[in-house]
Amino acid sequence: MSYLDAQFDDNIIIAKVDDLFNWARLSSLWQVGFGLACCAIEMMATSASHYDFDRFGVIPRPSPRQSDIIIISGTVTLKMALRVKRLYEQMPDPKYVISMGSCSNCGGPYWEHGYHVLKGVDRVVPVDVYVPGCPPRPEALLEGLMKLQEKVRNESVVKKSA
Amino acid sequence: MKSAEEIFNILKENFNDNIKELVKQPVDPYILCDPLKINEISLFLLSNEGLLFDNLMNLSGVDDANGMSTTTGSITTIEGGTLSVYYHMESTKFRHKVVLRVSTPREKPEASSVALVWRSADWHEREAFDLLGINFLNHPDLRRILMPYDWEAGYPLRKDYANPEFYHGMKVPY
Amino acid sequence: MAIKTEEMVLNMGPQHPSTHGVLRLELILEGEIIQKVTPHIGYLHRCFEKHCEAMTYPQIIPYTDRMDYLAAMYNEFGYVIGVEKLLGIQVPERVEYIRVIMGELQRIASHLVAIGTYGADIGAMTPFLFAFRDREVILNLFEITCGARMLYNYIWVGGLSHDLHPDFVRLTREFITYFRPKIVEMNELLTTNRIFIERTANVGILPLETAINFGITGPMLRGSGFKWDLRKDDTYSVYNRFDFNIPIGEGKVGTVGDCWDRYYVRILEMGESLRLIEQALDQLPEGNVTSAIPKRIKPPVGSVYTRVENPRGELGYFIISNGTTSPFRVKVRGPSFVNLGIMDVLCKNHMVADVIAILGSVDIVLGEVDR
Ligand code: SF4
């Protein structure tokens, strides 16, 4: 028996199913390992040593089928948009989307003359949290993630959240 | 190391009428050539002992927009005039550089491909085809490269390009 | 009895952890052996050249940043050199030195990402974390200079947006002393790592003639054993005042021009960049960095092709001016765009797993492949 086990007797914890589920969900938001443009580099910087995404339970997964959250990090072009949609559809429920950077929020610097840029990823997938910036600092992305956790915390298994 | 004039004279000797003129401008002078003979000229430039242009640095298609332009409402159309291709090349041995330019009519833009002379031209030519609609004859694999393969709205870098409203059900303008 | 075999088509990407962005490779396989690789690009085509025709000259600088986002400083550098040539203006000495310092810091930062992600592609996660830790230090230097971490808009036509921060020189010197041992550490961790060598030595060999014919430049060309660096061979700015070497691939653990050579050239280049920064800091003259910025940028009619040695190779800008405040046409010759074209030759008759090793050693940035 390990040290910690010896400290406690058998215990029962009573909690609401909602709270338990939400707590589990929000502390292990696995992310699709997927980057699009400049913002993806900041996303990588966020998950690397200095900012350490791992401490929020965000682990990049190579496959969308194992993930809970997709961070659209960068410019979505028309050619890519259908693939982004496909990726989103491959993810199992419950799934969340963070749109990172001006480009995926609204087209960013390419909004006017970008003949091949989708002006906002919300034209193809529903977005939960928008993180502004070009590129957003890693701190901003962390803030966005905490906003998402806030949202997950208030969800309910029976009631559909808006 | 040869200057642009010397290279122009060598080319003129070998290809007389297909080399049109040497256009002088403040920075890089260029040589105007025949679009349908450009592959032979390139091969000569690459293989001639005294020239050895073994590195094609850049190949750019340009819409000269020098034709008749008519505007109705928000739509501009250009008729007549030319599209051009610029070739920037250098020799890694002799360290000289030269710029060639070919101009081809906008209605039927055709130039012969240099992709088999310098393999680096392959993607550059595909890009010029994709964005400007210049047809490179005898190119091994002339397809769209940057835009989607099923893009039907024309060639975006032409000055009279109009963006479509929708692509696969997605709204394109802001 | 003959075994019936058939070719298999495998799609890699656009969402693949090792394609460094949104690249799709179509592999035609015979068993595990690659017959043909067709790269499909354009998933990040952001219409840079169209924007250039609609923007004024200074407005284009932020867009050049977003092309090769790992080497944003260097993209600005190349572009402003082109416009300055068209305008025929001279910039103050101090500006040139600061540009060189920034460019070389950027080169180190970019190579760190290249090396770190290359390690991660091949299965070594630790170098990735180490590289990003050191890159953060450089980004902090950029941040105190111009306020941005990645996309700077710092180098302007005729000058710079700000002068250096008073602490910059001291901090950069500290960084140099901090970083020298880290290169040694990286060598111990990755370069001489047995598994790493097994994965990269003798893989994806690029012969020199093929490389030149395909227009390959940068560390890839030097990895094949050709001393060709535009900083020396077609020198620009004040690079001719410094003393630095051009590392080339020597086939230390395999054949000249294999993936390991290309990787090792990058490691050596970081050391050379440190030397360059040191010399530039020593010689840094005083002066005003904003005095030469023209009030109105309206180059005369004409065209110019300029090129600089980006961390990935020859970055060229072909700018045509028609005498107005915005260019008539800008065409960019992206080094990764050209370098990527050789994937088919490099991958032929290799295993599927080697595609990752080869692609990582090419070091592409999709933003600039697709523009
Ligand atoms: S928002 Fe800015 S940094 Fe992010 S992808 Fe768009 S241009 Fe790049």
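1. Let's start where chain C meets chain A: the count between them is 2 salt bridges, a salt bridge being a side-chain nitrogen of Lys or Arg within 4 Å of a carboxyl oxygen of Asp or Glu. In one salt bridge, the side chain of A:Arg137 meets that of C:Glu143, with N to O at 2.9 Å. As background, side chains of opposite charge can pair when their charged atoms come close.

2. Before going on, some housekeeping. This is a predicted model, where local features need pLDDT of at least 70 and side-chain atom pairs count only at pLDDT 80 or more, while totals for chains, interfaces and linings use all residues. Residues are numbered from 1 along each chain as its sequence is written, chains are lettered from A and ligands numbered from 1 in the order in which they are written, and side-chain values use heavy atoms, with hydrogens and water left out.

3. Back to chains C and A. The contact (heavy atoms within 4.5 Å) takes 32 residues from chain C and 34 from chain A. Together the two chains bury about 3,000 Å², with 65% of it on carbon and sulfur atoms; buried area here is the accessible area (1.4 Å probe) that two parts lose on being put together, summed over both. On the chain C side, C:Gln15, C:Tyr43 and C:Arg46 supply 21% of the area buried against chain A, more than any other three residues.

4. Now the ligand, which lies between chains A and C. It is surrounded by 15 residues, and the closest are A:Cys38, A:Cys39, A:Ser102, A:Cys103 and A:Cys134; a residue is near if one of its heavy atoms lies within 4 Å. The elements giving two or more residues to this shell are helix 3 (38–47) and helix 5 (102–106) of chain A. For these assignments, helices (H or I, at least four residues) and strands (E, at least two) are DSSP runs, numbered from the N terminus.

5. What classes of residue make up the shell around the ligand? There are 8 nonpolar, 5 polar and 2 charged residues. In this scheme Ala, Val, Leu, Ile, Met, Phe, Trp, Tyr, Cys and Pro count as nonpolar, Asp, Glu, Lys and Arg as charged, and the others, Gly among them, as polar.

6. Chain A itself has 6 helices and 5 strands, running α-α-β-α-β-β-α-β-α-β-α along the sequence. Its C-alpha trace spans about 65 × 40 × 25 Å along the principal axes.

7. Two peptide bonds in chain A deserve a look. A:Cys134, one of the closest residues to the ligand, is joined to A:Pro135 by a cis peptide bond with omega about -10°. A:Pro135 is in the loop between strand 5 (129–131) and helix 6 (138–153) of chain A. Another cis peptide bond joins A:Asp93 and A:Pro94, with omega about -10°, and A:Pro94 is found in the loop between helix 4 (78–90) and strand 4 (96–100) of chain A.

8. Over in chain C, check C:Cys47, which has a positive phi of about 65° although it is not a glycine. C:Cys47 lies in the loop between strand 3 (33–40) and helix 1 (48–54) of chain C. For reference, most residues other than glycine have a negative phi, and most peptide bonds are trans.

9. Next, the B–C interface. Here 40 residues of chain B are in contact with 38 residues of chain C, and the area buried is about 3,400 Å², of which carbon and sulfur atoms give 56%. B:Trp123, B:Leu146 and B:Leu157 supply 20% of the area that chain B buries against chain C, more than any other three residues. The count of salt bridges between these chains is 6. B:Glu127 forms a salt bridge with C:Lys331, with the closest N and O atoms 3.4 Å apart.

10. Chain B comes to 3 helices and 11 strands, and its C-alpha atoms fill a box of roughly 55 × 30 × 25 Å along the principal axes.

11. Within chain B, the side chains of B:Arg106 and B:Asp63 meet in a salt bridge at 2.8 Å, N to O. This pair links distant parts of the chain, 43 residues apart: B:Arg106 sits in the loop between strand 7 (97–105) and strand 8 (110–112), and B:Asp63 in strand 3 (residues 55–63).
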